[in-house]
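Dear colleague,

Please find the structure below, handed over for your own calculations. A summary of the findings follows it.

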Amino acid sequence: MDPVAPAAPDGLGGVTTATRPVDDASRPGHRLAGLDGLRALAVVAVVVFHLDPGWLPGGFLGVDVFFVLSGFLITTLLLRERASTGRVDLRGFWTRRARRLLPALLVLVPSAVLLARVAEGDLLVGVGRQVLGALTFTSNWLEVAAGTDYFAATSPTLLANLWSLAVEEQFYLLWPLALLLLLRAVRRPEARAATALGLAVASSLLMALRLDPDAPTRVYYGTDTHATGLMVGAALALALAAPGRAGTRTALWERHRRTVGAVALAVLGGLLVLADEQSSLTFRGGILLASLATAGVVLVVVERPGRLRALLDLPALRWVGSRSYGIYLWHWPVVLVVGQDIPVAPGGLDYVLTRGWAVLVTVAAADLSYRFVETPVRRLGFGGAFRALARRMRRAGTRRARTVWAVLAVAAVATTAVMATAPDRTATEQMIEANEAALAREAAATSAAPTPSATRSTVPAEAAGIRPTAADWSMPTGAEVDAFGDSMLVGAKPAMEYYFPNIRIDARSNRRWSEAPRLVGARGDGLRRVVVLAFGTNFGTDARSIERTLREIGPDRMVVVLTVHGRYARAETDNEQLREVVAGHDNVVVADWDRALADTSGMLQSDGIHPSIRGAHLYSSTVRTAMAQLSERKTGKPVRLKPIPLP
């Protein structure tokens, strides 16, 4: 994100809320109290969401808080400059933006690339495109063109967080020109504010209309569909710049300003806690509501001193807020690298500690960036900062200077080499493709395939000795098991066939629960007496489809349903819903894959979702244990499972 520095001498700080001061804190040259604190809360929300979406499901809306602040502050700067000089120095404006954004970015990008290479090569997939997007501020559109899914935990992108920086930079490039045109074309200040607000509503409507609930990344990344917060902030700045500012000095406003602030803060907090990337309501009005709530908080904070301003102006919040740009830049690559370096599954103290370590590394990197990279360039400019660095190198001695320049040169060459040799697919993708191809070959080798698209093992149905009308609750052999699922089951294929010889597997990537009734029904009477169902990784739990699937299977077969696992917000609620549906069927048992992973390490691929080789054995063992539990429950006889040695 781009937090405008609160007290920078280059004109980026000391921002007033209008062309004339509201109170002493907002006069030219003074820091606008409270906004650093709001910026801190926003970056904390985003970081918590990326640490584990289940901790703060709507934390990604912190980006929209940043958008509102940026729209408000940038518009205020432009209005103030025009009011004081009669013109806007566009070149100077864009130069100051470059000073603010580029130095930290130019340090982050090579650092992230080199760290990812050391930690896990899979993190470098598509890194050339990502670096290009970072340096040209086009990340959002390049990722849309590449089909990247921001909300898919199965495909983490090293520089994914830079999409919002691209949106803001595009705003900085276009909005000053549009604002000057607006100021010339529309005379009434209230109409100018209304125009900006209308653009915000139009962007929100465009997001709602273009939303694909199964793939929201396009509308989330799009500058056209996600300009809502930026334009809400701009509208607020234009409204506060209007002479007289009707409504903000009345007795009615003075009586209710605290209520407005409390309600706005409560709405924003509620959305951060309750919003979900899986809900279409988030994209059909939720982002607009979050932006308006942020604007309400900003309005109350900048109008006059009060408790809310005092709260947001606490020293700790100011410290975080002033470094929020660096924190935002560094946190996501650090989270990915730490996750690969210390691969601990969610669910225990070790996982929390690894998340805490990622936070410490992020804050340290952001603070160093703020002190030694961002501040010198912001104060001295690019040329001045470089000359100051050269002077320091000369004072440090020729040998030390040469060492520093050599290290920088090696880093540049290494970064280029890493980008040139980056893989085009992750190991997970290669594994899934290989397993899917094997399943397809097995399906082609038998004429017993129920549908042309199914991929499954080759054991004919009669080998299972199926008697659909006679329930059998004994512990099954592999030849008595049918398994249906998505890429999770594809990834676990070798281990499932090792644990359950002659199992019949029908699995393919990106399947969803709504496909399960058809897949099961296609088997007809040839469906084996034990059915394993593994769906929901990509598209969540669908209670209605699960019920239809279980009715299709019937009450006389053993059914094992696996929970989903993922570092995404809906995983917990999906599993809760799954258990609720299963609870009404005494022939169904839950194999709790999610719980089996708690406090384990090395069980998952680099994407943090699909099982590794070891993890596939844990996955299969979890299914086997669940079968034994169901058999014991139905027969009343204990089942002793023989240990299965790892191959």
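A salt bridge is taken here as a side-chain nitrogen of Lys or Arg within 4 Å of a carboxyl oxygen of Asp or Glu. The model is predicted, so local features need pLDDT of at least 70 and side-chain atom pairs count only at pLDDT 80 or more, while totals for chains, interfaces and linings use all residues. Residues are numbered from 1 along each chain as its sequence is written, and side-chain values use heavy atoms, with hydrogens and water left out.

Salt bridges

The structure holds 23 salt bridges. In one of them, glutamate 433 meets arginine 425 at 2.1 Å, N to O. Glutamate 433 is partly exposed at 39% relative accessibility (buried means under 20% relative accessible area, exposed over 50%, partly exposed in between, with a 1.4 Å probe and protein chains only). Arginine 425 is likewise partly exposed, at 33%.

Glutamate 374 and arginine 100 form a salt bridge at 3.0 Å, N to O. This pair links distant parts of the chain, with glutamate 374 in helix α15 and arginine 100 in helix α3 (residues 90–119), 274 residues apart. Helices (H or I, at least four residues) and strands (E, at least two) are DSSP runs, numbered from the N terminus. Glutamate 374 is buried, at 2% relative accessibility, and arginine 100 is buried with a relative accessible area of 2%.

Aspartate 472 and arginine 529 pair at 3.6 Å, N to O. Aspartate 472 is partly exposed at 23%, whereas arginine 529 is buried at 10%. A network of salt bridges links Asp482, Arg504, Asp506, Arg511 and Arg523.

Nonpolar patch

Leu197, Val201, Leu205, Leu209 and Leu292 form a nonpolar surface patch with about 460 Å² of accessible area together. Patches are made of residues with over 30% relative accessible area and no salt bridge, like charges being joined within 9 Å and nonpolar side chains (Val, Leu, Ile, Met, Phe, Trp, Tyr) within 5 Å; accessible areas come from the Shrake-Rupley method with a 1.4 Å probe, and for residues only the protein chains shown count as cover. Helix α7 (residues 189–210) supplies the largest share of this patch, four residues. Leucine 292 lies in helix α11 (residues 280–303) and is partly exposed, at 40%.

Helix α2

Of the 24 residues of α2, 20 are buried, so this helix is largely enclosed by the rest of the structure. Glycine 86, which follows α2, has a positive phi, near 80 degrees.

Yours sincerely
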